[in-house]
Amino acid sequence: MSPASRQSAGARRPGESPGSGSGADDSPVRTAAVALGTGTRSASRRLRRWLRRPLTSLHLVLGVFGLLTLFGLVMVLSASSVSSLSTGGSSYSIFTKQLMFCAVGLVLFYIGLRVSPQRLRSVAPILLLIGLGTLVAVLIPGIGAVRGGSRSWFAFGPISLQPSEAVKIALTLWGAHVLAARRAVMHRWKHALNPVVPVTLVIFTLLVLQPDLGMTISIGIAMLALLYFGGAPMRLLALIAGGGLVGAIVLGLTAGYRASRISSFLSGGSDPLGPAYQATQALYSLADGGLFGVGLGQGRAKWDYLPNAHNDFIFAIIGEELGLVGAFAVLALFAVLAYTGMRIAARNTDPWLRIVVATSTAGLIVQASINIGYVVGLLPVTGLQLPLISSGGTSMVVTMFVFGVLTNAARHEPEAIAALRKDGQGRVARLLRLPLPEPYRAAGPPAPRSAAR
């Protein structure tokens with residue numbers, strides 16, 4: 001070959017990078033890389049377009065609600081089968097009760113979805129007064145029933161109801177009502193504290209008398225979230241949070257069983273057959289699950305190795321039977337819930353709805369984080385349930401009502417209102433006879449006395 005021919009053969013084509021070959025084995029790699037990059041950018045654009053749609057928040061919250069509810073029912077059936085068989089003679093007794101509460105919860109979900117925010121706000125003080133009355137009544141012997149060492153239940157045969165779960169949402173609705181009316185003066189400590197904090201302290205006192213430390217912590221989280229989203233000063237929030245932490249530690253150390261839980265947590269489970277038994281068995285269950293789990297219904301921990309497997313420690317059963325993949329799916333659902341709730345709060349113009357939605361979302365996420373935290377050994381055991389997944393009738397019913405309120409708020413986003421009024425509601429909304437959402441109208445300043453005359 002002549003030098004000119006070799007130079008011509010070695011010359012690069014226009015657009016070809018130095019060192020890249022022109023062989024056939026390089027082109028599939030380049031084609032696949034270009035296709036992957038194009039597909040990723042296209043999917044990202046589609047996701048951004050979908051997130052900008054006016055009814056995206058509504059679809060997201062309904063999707064998370066449906067998935068958490070179905071997943072919870074399946075896991076309660078799996079985790080409770082052995083306990084049901086040993087106590088009730090049927091493998092389905094606990095699941096049947098949970099299914100019944102789910103039906104009641106769907107009714108309350110519909111009520112939370114259908115009642116207008118204005119009507120719900122107007123009845124908030126009445127709901128709180130009723131809730132305080134139930135907390136007093138449950139302390140009366142013969143009326144309140146003792147379960148797990150706490151007089152915090154109303155028992156009706158095999159059915160038990162815990163009024164403090166409903167008090168939490170009543171406090172949220174009423175507290176948001178008070179703080180939304182005072183949002184212009186929330187920078188003053190006097191207005192930020194009164195009357196939400198004194199009323200919450202009354203609730204704390206009634207819960208400590210039961211005693212119920214887990215629900216006390218849950219109510220405390222709701223109060224802090226109310227003040228934060230209501231616009232209270234951060235210095236005040238830090239002071240209240242510090243005082244609450246000290247109070248929780250004192251309460252934890254004043255009862256024998258709570259003190260043993262804390263000491264076993266701080267000592268790294270030094271007594272695995274004593275107070276640390278439940279937490280140790282939960283870790284064994286998670287370790288047995290591996291990546292994909294041992295299979296749905298095939299877990300061994302629920303065979304009396306892990307107490308309360310279908311309730312407080314159901315996340316350990318999820319990790320054992322569905323593995324890391326199943327546990328990550330639960331975390332992903334709650335992450336989507338956190339995003340959706342804050343999105344709904346940010347996009348609403350009604351200040352009361354914004355506080356209610358943000359506080360309710362924060363309460364659900366923090367409760368789920370505490371539950372998962374003590375199951376995986378990062379926190380001492382407190383007895384808080386995993387929302388919509390743990391077995392527990394009152395918790396499920398109240399949480400479903402909260403999701404109804406969240407869905408109602410998603411329908412009241414300004415863009416959602418415009419879309420529903422322009423294009424009409426879907427077949428399901430018409431079947432449920434849902435009214436068209438009304439735009440938020442801020443109350444104007446009071447009329448002068450001369451005009452009133």
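What volume does the largest cavity have? The volume of the largest cavity is about 200 Å³, where a cavity is a set of points, on a 1 Å grid over the protein atoms alone, at which a 1.4 Å probe fits but cannot get out, and where a volume is the space filled by probe spheres set on the points, with grid points joined across faces, edges and corners. The model is a predicted one, in which local features need pLDDT of at least 70 and side-chain atom pairs count only at pLDDT 80 or more, while totals for chains, interfaces and linings use all residues. Residues are numbered from 1 along each chain as its sequence is written, and side-chain values use heavy atoms, with hydrogens and water left out.

By this rule there is 1 cavity of 30 Å³ or more. Its lining consists of 16 residues, and those nearest the centre are K168, S360, G363, L364 and V402; a lining residue is one that has an atom within 4 Å of a point. Two or more residues of this lining come from each of α7 (163-181), α10 (213-230), α15 (351-375) and α16 (393-411), with helices taken as DSSP runs of H or I of at least four residues, strands as runs of E of at least two, and both numbered from the N terminus. The largest share, 5 residues, is given by α15. By class, the lining of the largest cavity has 6 nonpolar, 8 polar and 2 charged residues, where Ala, Val, Leu, Ile, Met, Phe, Trp, Tyr, Cys and Pro count as nonpolar, Asp, Glu, Lys and Arg as charged, and the others, Gly among them, as polar.

From the cavity we turn to a pocket, which is an open set of points with protein on both sides within 12 Å along at least five of seven lines. The second largest pocket holds about 560 Å³ of space, and of the 23 residues that line this pocket, L108, L127, A166, I169 and V398 are the closest to its centre. The elements that contribute two or more residues to this lining are α4 (93-114), α6 (124-137), α7 and α16, and α7 gives the most, with 5 residues. The lining of the second largest pocket comprises 19 nonpolar and 4 polar residues, with no charged ones.

The sheet comes next. Three strands form an open sheet in the order β1-β2-β3 with antiparallel pairing, two strands being paired if DSSP finds at least two bridges between them. The edge strands, each pairing on one side only, are β1 (144-147) and β3 (159-161). Strand β2 (residues 150-156) is joined to β1 by 4 bridges and to β3 by 3 bridges. F154 in β2 is the bridge partner of G144 and also stands opposite L161 in β3, while V146 stands opposite R151 in β2. The hairpin of β1 and β2 has 2 residues between the strands, and G148 there takes a positive phi near 60 degrees; in the hairpin of β2 and β3, also with 2 residues between the strands, G157 in the turn has a positive phi of about 65 degrees.

Finally, the axes of helix α9 (residues 196-208) and α10 come within 10 Å and cross at roughly 175 degrees, with axes fitted as lines to C-alpha atoms over the stretch in contact and angles running from 0 to 180 degrees between N-to-C directions. These two helices, α9 and α10, are therefore roughly antiparallel to each other, a term used for angles over 145 degrees.

How values were computed
Angles under 35 degrees count as roughly parallel, over 145 as roughly antiparallel, 65 to 115 as roughly perpendicular and the rest as oblique.
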